[in-house]
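Good morning, and thank you for coming.

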Amino acid sequence: MPVLNANRKTRAADLSRIITCCWNNLEKKKQIKTMAKVNRAGPASPPDGGWGWMIVAGCFLVTICTRAVTRCISIFFVEFQTYFGQDYAQTAWIHSIVDCVTMLCAPLGSVVSNHLSCQVGIILGGLLASTGFILGSFATSLKHLYLTLGVLTGLGFALCYSPAIAMVGKYFRRRKALAYGIAMSGSGIGTFVLAPVVQLLIEEFSWQGALLILGGFVLNLCVCGALMRPINLKEDHSSPKQNHACRTQKEDCKRTSPYSSLTKEWAKTCLCCSLQQEYNFLLMPGFVVFAISVLFMAYGCSPVFVHLVPYALSVGVSHQQAAFLMSILGVIDIIGNITFGWLTDRRCLKSYRYICYLFAVGLDGLCYLCLPMLQSFPLLVPFSCTFGYFDGAYVTLIPVVTAEIVGTSSLSSALGVVYFLHAVPYLVSPPIAGWLVDTTNSYTAAFLLCGFSMIFSSVLLALARFVKRIKKPQLQLLAKESDPKPQQWTNGSVAYSVTRELDQKDEGFVAAAGPGNNLT
């Protein structure tokens, strides 16, 4: 009986091994079939249309719900001052915190969209931003508004903004600048439409009711996130060996316990590996120069929206005319978004988008330098038109130029870094300009500093492109010299190749050492 029981156990163990092997073979066949389907479908090229226009519409709504709503928060300032009994400086921190957190946390939005999906990131951001507005409506002090309307809403906007912009770049190649122009114009159009609506809501429902309604409006970000259908691009498969290694590690660790040290080690290794792949563009010289130029550009572009109206009032322009200058700047900004994007998509300018970007930034800097000499309403109107147009122009081209430098596959992470670099200049440039005005009793120093900052940004990019053009022929020459092609000597019409003669000698040697002359 013991022998019989042992035989039964052995047969049962053999049967379980056979079943396990069969099951593993079936799983492998399923994986092979799945991989074959993926390979047959193949990575696609940007469609330049189709569902891409729905992506543009979704990004347009995202810019309305993020950038336009952020600008409209300033309409609540008077209500906040009256209700909480605080001065303008403390109340103005709400707007600064929202703007700064949105830009500072932009890399976090890129990481979430890369590791989960763009849809998940935007929907999560919409929920956080809406929660911030709703909780802000119950605030009893400015500190509560700093945390809810400032930090929580800014974090939600950060999860939405850069991933939505990056999705437009994945769906468009030939008409990329036009698509970005339409998508980015949502900021200006949204401000133009929402500003009077928000003021009407405050008058009808108080600032608490207006914040509740804006919280419901911002929930439309979840709808925008649902539109962001992912696309499989050829550029996303640039490192198949590394991707295959990560997938192999993942499958191996799935077979182990989720609490084992091997799983934890794999998680750390895979996270570091993926982050290194996502942010390897930080070592590219072109991106480093572009990032430095963005810092100076962001410093110069912000103060005009804060100090243009006070400057106009200081030179004798009426309140209505000063407000009209900002309206002109906003409308022309929208026109610059769309028309400059369309122009740079033309065949004659498509290869010069980088130059068009630095040209637009440089012209805005020149407008700043001329502003202290413009001291009447008829002279300030051309300034608003020119500055507004080129401001919309380079804002449209920021994602386009970023994509040209780092490629479409790294666009989401690169845009997160670019918008992160906007945060500190946006936070410090208006107070520095105000300090210069208080110190010198004039706007001249503040405007000149902003103008030279933007011009330096443009000149820095121009110098980088010039150095690249100079080094390009040298690199091509070095590449030709290091190319291992066979050297040839010609004698009239006869060409002798050293490698060909050596190959013929090798073939003769192999023939001599054939089966009959085995060397081993």
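Leu371 is buried, with a relative accessible area of 0%; buried here means under 20% relative accessible area, exposed means over 50%, and partly exposed lies in between, all with a 1.4 Å probe and protein chains only. Please bear in mind that this is a predicted model, in which local features need pLDDT of at least 70 and side-chain atom pairs count only at pLDDT 80 or more, while totals for chains, interfaces and linings use all residues. Residues are numbered from 1 along each chain as its sequence is written, and side-chain values use heavy atoms, with hydrogens and water left out.

Leu371 is placed in the loop between H16 and helix H17 (377–406). Helices, for this talk, are DSSP runs of H or I with at least four residues, and strands are runs of E with at least two, numbered from the N terminus. Which residues does Leu371 touch, not counting those up to four places away in sequence? They are Tyr311, Leu380, Phe383 and Phe447, where contact means heavy atoms within 4.5 Å. Tyr311 is 60 residues from Leu371 along the chain, and the C-alpha atoms of the two are separated by 9.7 Å.

Three of those names lead us to the aromatic residues. Tyr311, Tyr368, Phe383, Phe387, Tyr443 and Phe447 form one aromatic cluster. Over the whole structure, a search finds 18 aromatic pairs. In one of them, the rings of Tyr368 and Phe447 have centres 6.1 Å apart and planes at 35°, so this pair is tilted. This pair links distant parts of the chain, with Tyr368 in helix H16 (residues 353–370) and Phe447 in helix H19 (residues 444–481), 79 residues apart. The rule is that rings of Phe, Tyr and Trp (its six-membered ring) pair if their centres lie within 6.5 Å; planes under 30 degrees apart count as stacked, over 60 as edge-to-face, and the rest as tilted. Tyr368 and Phe447 are both buried.

Let us turn to charged side chains. How many salt bridges does the rule give? The count comes to one, a salt bridge being a side-chain nitrogen of Lys or Arg within 4 Å of a carboxyl oxygen of Asp or Glu. Arg67 and Asp99 are its partners, and their closest N and O atoms are 2.7 Å apart. The bridge connects distant parts of the chain: Arg67 belongs to helix H2 (residues 52–72) and Asp99 to helix H4 (residues 88–104), 32 residues apart. Are these two residues buried or exposed? Both Arg67 and Asp99 are buried.

Arg67 also lies over the face of Tyr161, 5.8 Å from the ring centre. A charge sits over a ring if NZ of Lys or CZ of Arg is within 6 Å of the ring centre and within 35 degrees of the ring normal. Likewise, the charged end of Arg465 is placed over the ring of Tyr354, at 4.0 Å from its centre.

Another buried position is Thr153, at 0% relative accessibility, in helix H7 (residues 142–171). Apart from neighbours within four places in sequence, Thr153 is in contact with Ala129, Gly132, Phe133 and Thr148.

On the surface, Leu104, Phe420, Val424, Val428, Ile432 and Leu449 form a nonpolar patch, with about 430 Å² of accessible area together. Such patches are made of residues with over 30% relative accessible area and no salt bridge, like charges being joined within 9 Å and nonpolar side chains (Val, Leu, Ile, Met, Phe, Trp, Tyr) within 5 Å. Helix H18 (residues 411–440) supplies the largest share of this patch, four residues. Phe420 is found in helix H18 and is partly exposed, with a relative accessible area of 35%.

Two residues deserve a remark on the backbone. Asn441 is not a glycine, yet has a positive phi of about 55°; Asn441 lies in the loop between H18 and H19 and is exposed at 70% relative accessibility. Ser206, in helix H9 (residues 186–218), has a positive phi near 70° and is partly exposed, with a relative accessible area of 31%.

Finally, the chain as a whole. The protein chain has 20 helices and two strands, and 42% of its 520 residues count as buried. Of its contacts with a separation of 6 or more, 83% are between residues 24 or more positions apart. Its accessible surface comes to about 27700 Å², of which 66% belongs to carbon and sulfur atoms, areas being taken from the Shrake-Rupley method with a 1.4 Å probe, and for residues only the protein chains shown count as cover.
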